[in-house]
Amino acid sequence: MSPRHHFADYQKRDPKGYQTFSDSLWNGFVSITKVIGLGKFFSFTTDFSRPNELDGEAVGRALGEIYNAKEEKEDYEGN
């Protein structure tokens, strides 16, 4: 069974337990990224909590720029 199916089954069998597990995993991620100094690269209070204020086109453009920069870097490095 793939991990995706395992967690999907777990969520169906025990929604409350799965939510506890998921919250714990997320809180661990947040704690670790802050402790090792990666917190500045993540926004833990995202605009996704305010969907009416989110500009999908701006997000798409920003993601496209990141993707293109990565492709250019890989082409330059020969990867």
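F42 counts as partly exposed because its relative accessibility is 38%, where partly exposed lies between buried (under 20% relative accessible area) and exposed (over 50%), with a 1.4 Å probe and protein chains only. The place of F42 is in the loop between α2 (15–35) and α3 (56–77). This is a predicted model, in which local features need pLDDT of at least 70, side-chain atom pairs count only at pLDDT 80 or more, and totals for chains, interfaces and linings use all residues. Residues are numbered from 1 along each chain as its sequence is written, and side-chain values use heavy atoms, with hydrogens and water left out.

**Overall fold and surface**

- The protein has three helices and zero strands; these elements are DSSP runs numbered from the N terminus, with helices (H or I) of at least four residues and strands (E) of at least two.
- Along the sequence, the pattern is α-α-α.
- Of the 79 residues in the protein, 5% are buried.
- The protein has an accessible surface of about 7100 Å², computed by the Shrake-Rupley method with a 1.4 Å probe, where for residues only the protein chains shown count as cover.
- Carbon and sulfur atoms account for 57% of that accessible surface.

**Helix α2**

- Helix α2 contains 21 residues and spans 30 Å from its first C-alpha to its last, close to the 30 Å expected at 1.5 Å a residue; the expected span is 1.5 Å times one less than the number of residues.
- G17, V30 and T33 are the buried residues of α2.
- These buried residues pack against α1 (3–13), where contact means heavy atoms within 4.5 Å.
- Just after α2, G37 adopts a positive phi of about 85 degrees.

**Aromatic pairs**

- The structure contains five aromatic pairs; rings of Phe, Tyr and Trp (its six-membered ring) pair if their centres lie within 6.5 Å, and planes under 30 degrees apart count as stacked, over 60 as edge-to-face and the rest as tilted.
- One of these is the stacked pair of F7 and F21, at 5.6 Å centre to centre with 10 degrees between the planes.
- This pair links distant parts of the chain, as F7 lies in helix α1 and F21 in helix α2, 14 residues apart.
- F7 is partly exposed, with a relative accessible area of 32%, and F21 is partly exposed, with 31%.
- Y10 and Y18 form an edge-to-face pair, at 5.5 Å centre to centre with 80 degrees between the planes.
- Y10 counts as partly exposed because its relative accessibility is 22%, and Y18 is partly exposed, with a relative accessible area of 23%.
- F7, Y10, Y18 and F21 together form one aromatic cluster.

**The surroundings of Y18**

- Y18 is located in helix α2.
- Y18 touches F7, Y10 and Q11, when residues up to four places away in sequence are not counted.
- Y18 and F7 are 11 residues apart in sequence and 8.2 Å apart in space, C-alpha to C-alpha.
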